[in-house]
Amino acid sequence: MFRVMVVGAGRGGRQVMEATVDHRDIHVVGVVDKSSTAPGVTFARQRGIAVHTDVAAAITAMHNHEVDVVLEATGDDSVYEHLRTSAPPGIVVIAGDALKFFMLFLADTTEATNLREVQTLLEAIINSTQDAITVVDKTGVQILINPAYTRLTGMAPEQVIGNPADVDIAEGDSMHMKVLRTREPVKNVQMKVGPYRREVVVDVAPILVGDELRGSVGVLHDISEIKHLTEELARANQLLRTLQAKYSFSDIVGRSPAMVVAIDQARRAAQTPATVLLRGESGTGKELFAHAIHNESARRNGPFVRVSCAALSDSLLESELFGYEEGAFTGAKRGGRRGLFEEASGGTLFLDEVGEMNVTTQAKLLRTIQEREVVRVGGTHPIPVDVRLITATHVNLEQAVAAGRFREDLYYRLNVIPIVIPPLRYRKEDIPSIATQILLRHNQAYGRNVTRMSDAAVETLSAYDWPGNVRELENVIGRAMINISYRDQVLEAYHLPVFVQTQPEAAALPKAKGRLELMLLNLDKSVRPLEEVVRDAEHHAIIQALSVCGGNKTETARRLGISVRSLYYKLGQMPVKD
């Protein structure tokens, strides 16, 4: 075996290395060139050949590597002369015309040319593929990588070539070494590679020449894009879940006469395409009714899109409902965006807290309902939509219409099928069944095993007025679950929060009549001027808010959406009772 040092990594030097690097009787131990970008330098690094930048270092290496032959490929006579006089004794220095004879001595010219063409073709194929490729020899030393490998792993050729097969592995075992041990290919093995721990799937196959194992070749497939697409799909599935109604009428608990009437009205409304207006205080379950109506309607297989009009600013609500065109405003998404009316086409759109919508958006909503088409913000072309509308509000829309805060024509469009959901204080006979359902649902969430409530607990819950309705009841039971030990199976009265246990029988301020009760009481009375009706309704609303807030006027004004000064003024206008 001849050990060869190549001096000069230009075109000639690369041809020498190409002709000798795989020769069975010749081993290239190093290459010398001042330029780090010379073609032969790149070739040498890919093949794990030592690279030197000056001749003096190369001569030192000659002693260390027991070099037999120096091939001078620069064509510079002075370099040849320096090598000839400086090389250790016994080392042959070949240059110039003699180098050509040496090349002819290595192999037949035609065969060498064909081999070089095949090698060039294979290198071009490997370097052009988008899959990362790595090749090791039969001892498990990295001998070849392609640019795609560097892009994927973040590791340059000099960090890999000449190093063990596992140099690039951040997590997992070397499949190269497994293949070299078993001589069997492996497929679809997940691991992490490189300093950035990129997730890849690896296929590795042995390189067999006849029956002789010469190494193995591995192909790395980047799965980060696949994971990204999987996450996108998961988000799409999540979106689909949000566009589906989750509850049915079987989830609505209530045997009180007022609740039975509301459920019956909702069931009948579900069989029609008419617009439904759900009315009731906050926390009474208006959204539950909206879900149930959709699920029992002919549109049950279509999307169910819901939005709270109170949760979004006026400008954002408009763009969410009707969509927008590209460039409609600063920050608008490229290509524009579909609005919720378009997303709900073929299904149901639930507008919660519709009474909080500003007058400008109300006008656009009215047009959409009448024309069954939307015009995106910043757009001019109408887009037809087929949407069943369900709205909900806790606001007294009649009072809002009288005050000019809600359009009268939109009120008549929305109030086609009004359904009043009674507050919990007017259907206290439903409290035991509702509380039991909440209790059983909270068992898993709180890690408890409570099976029932004691009579004293039911009595305590029934004595409370529940200004926050079912939502407050669920909150109270959740707090009680914290006070129950893991061994207890019965919720007792002393587990309940103190404010529920100490609820007085009568509040200091007179309680307002419920909206449903007021409507029923007024049925047998003579017609009064609208101004008088609105004034009485306003007085009742203020009294009710004061009662809920315990007489705190600042909190009362905040909940009513008026200033404290306006509240004091309105209180001063109320008649004084003897």
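The structure is a predicted model. Another part is a hairpin formed by β9 and β10. Thr 275 and Thr 393 are then considered in turn, beginning with the loop that holds Thr 275 and the strand that holds Thr 393.

**The open parallel sheet**

- Strands of a sheet pair through backbone hydrogen bonds, either parallel or antiparallel.
- Strand β4 (residues 69-72) runs parallel to β5, and 4 bridges join the two.
- Within this pair, Val 70 stands opposite Val 93 of β5.

- Strand β8 (residues 169-171) and strand β9 (residues 186-193) run antiparallel and are joined by 2 bridges.
- Glu 171 has Lys 192 in β9 as its bridge partner.
- Strand β9 is also joined to strand β10 (residues 198-209), by 6 bridges, and these two strands run antiparallel.
- Lys 192 stands opposite Glu 199 in β10.
- Between β9 and β10 of the hairpin lie 4 residues, and Gly 194 in the turn has a positive phi of about 75°.

**Thr 275, in a loop**

- Thr 275 lies in the loop between α11 (257-270) and β12 (276-279).
- Is Thr 275 buried or exposed? Its relative accessible area is 13%, and residues under 20% count as buried, so Thr 275 is buried.
- Leaving aside residues up to four places away in sequence, Thr 275 touches Leu 389, Arg 413, Leu 414, Val 416 and Ile 417.

**Thr 393, in a strand**

- Thr 393 belongs to strand β17 (residues 388-393).
- Thr 393 is classed as buried because its relative accessibility is 1%, which is under the 20% limit.
- Which backbone atom does the side chain of Thr 393 reach? It reaches the backbone nitrogen of Val 395, at 2.9 Å.
- Residues touched by Thr 393, not counting those up to four places away in sequence, include Leu 277, Leu 278, Arg 279 and Gly 280.
- Also among them are Lys 286, Glu 353, Val 354 and Gly 355.

Key
Residues are numbered from 1 along each chain as its sequence is written. This is a predicted model: local features need pLDDT of at least 70, side-chain atom pairs count only at pLDDT 80 or more; totals for chains, interfaces and linings use all residues. Side-chain values use heavy atoms; hydrogens and water are left out. Two strands pair if DSSP finds at least two bridges between them. Buried means under 20% relative accessible area, exposed over 50%, partly exposed in between (1.4 Å probe, protein chains only). Contact means heavy atoms within 4.5 Å. A polar contact is a pair of N or O atoms within 3.5 Å; within protein, one must be able to donate a hydrogen and the other to accept it, and residues adjacent in sequence count only if both atoms are side-chain atoms.
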